[in-house]
Amino acid sequence: MSCLDTPATHSLPRQLRQTSPSKPPGETVTSFEITESLPRELPSDAPFAAWLVIPARDAQEIRDYVYRAVDSTLDVVTPVGTFGLRISALVAATRVGAKEGVHVDSPQKGVLALLCFDPRQKGPLVYPLPSVFETARKAGLLTRAQQGILASNDRAPAQRYQVLLQEWADFAKATYVMPQRPRLMDALLALYVLPGTHLYAALEPPRFFDRAQRIQLRKLGESLPGQCQILLPRSHESRLALELRNCPLSQLAGDWNGARTWTSPELEGPVQRLAATAAQQHEELDLTLQLSMEPKAARRVVSEMLRALDGIAAGPAARK
């Protein structure tokens, strides 16, 4: 369990004081003042969790974090322990003092953040990836080229890790030094950043693994959905379209059966449903199809065409 998920950290800190009794109409962000309850210093190798204000460099940085629908959360696993950072959305905070008596010259405006550290939850310095990658590794499915890509990603954080350790040590020595806090946040955010946005797309499982690997990984219990777009016509339309890319037959059958709920009431009723055979449910299909004809006829034609595919069979009758 992440140190961000303990019962004591589920809600905002009690020492928050709302600066105005009510928000202006249409305003989503609430402004608070906080007197922090941080120790002046703390052991860098001990568990820690506290709410604090991270001063913003400018107004744009506050907007980037605060004007969000959900909190921004981050878990960073390292050889010395796991760091957690949660920045509260819709909350603008101002630090007006500290209970330990360490004050700054003027109130510090910024974002309200929960910072935590758990030295018991340690892990190797590796780039975080979905479980499907570990499944592929254990099953011996990775090619030599794929292994090289993953090894290169794991080497990237090594230098940044030393920066993170230094920033954490500096914070622990003097928690009240405000300019240090953004540096610690930057070190946490940057630890597992890849050098190039194209690398993130290359690590998307549907793109990273080839078709044979994807099929085998599904057989091993991993979920690797494809692109299965089905547009069924309503009574006043005459176009039926399918756009399938790396679409597992099981997903195709499920999406086709569910698509009937998108149609208008006069098309409801017994409709031929589909089912993927157990032996081939993980196989993939690529198909682009557009038909312009009477809606019921289009549904019947496509249903019969799909049932002719190897691995697709007639499903149970639809309920009336």
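## Q180 and the model

Q180 lies in helix α5. Helices here are DSSP runs of H or I with at least four residues, strands are DSSP runs of E with at least two, and both are numbered from the N terminus. Is Q180 buried or exposed? At 2% relative accessibility, Q180 counts as buried; that label means under 20% relative accessible area, while exposed means over 50% and partly exposed is in between, using a 1.4 Å probe and protein chains only. Setting aside residues up to four places away in sequence, Q180 touches E167, D170 and F171, where contact means heavy atoms within 4.5 Å.

Before going further, a quick word on what you're looking at. This is a predicted model, in which local features need pLDDT of at least 70 and side-chain atom pairs count only at pLDDT 80 or more, while totals for chains, interfaces and linings use all residues. Residues are numbered from 1 along each chain as its sequence is written, and side-chain values use heavy atoms, with hydrogens and water left out.

## The whole protein

Now step back from Q180. The protein has 10 helices and 11 strands, and 42% of its 320 residues count as buried.

## One face of helix α1

Helix α1 covers residues 59-66, and its buried residues are E61, I62, Y65 and V66. Look down the axis of α1 and those buried residues fall within an arc of 115 degrees, so they line one face of the helix. The arc is taken from the directions that run from the helix axis to the C-beta atoms. There's a general rule behind this kind of pattern: an α-helix has 3.6 residues a turn, so residues three or four places apart point the same way.

What do the buried residues of α1 pack against? Their partners are the strands β4 (72-78), β5 (81-98) and β6 (108-118), along with helix α5 (180-190).

## The largest pocket

The largest pocket holds about 460 Å³ of space. A pocket is found on a 1 Å grid over the protein atoms alone, as an open set of points where a 1.4 Å probe fits, with protein on both sides within 12 Å along at least five of seven lines; lining residues have an atom within 4 Å of a point. Grid points are joined across faces, edges and corners, and the volume is the space filled by probe spheres set on the points.

By class, the lining has 17 nonpolar, 2 polar and 4 charged residues. Nonpolar here means Ala, Val, Leu, Ile, Met, Phe, Trp, Tyr, Cys and Pro, charged means Asp, Glu, Lys and Arg, and the others, Gly among them, are polar.

D75 sits in strand β4 and is partly exposed, with a relative accessible area of 43%. P128 is 53 residues away from D75 in sequence, yet their C-alpha atoms are 10.0 Å apart in space. Beyond the residues up to four places away in sequence, D75 touches S2, L4, T82, F83 and G84.

N153 belongs to helix α3 and is buried, at a relative accessible area of 8%. Apart from neighbours within four places in sequence, N153 is in contact with Y127, L194 and L203.

L90 isn't a glycine, but its phi is positive at about 60 degrees. This residue lies in strand β5 and is partly exposed, with a relative accessible area of 30%. N246 also has a positive phi without being a glycine, near 50 degrees. N246 is in strand β8 (residues 239-248) and counts as partly exposed at 23% relative accessibility.

Finally, C228 is in strand β7 (residues 227-231) and counts as buried at 13% relative accessibility. C228 and L242 are 14 residues apart in sequence, with 7.6 Å between their C-alpha atoms. Not counting residues up to four places away in sequence, C228 touches E243, L244, C247, Q251, L252 and D255.
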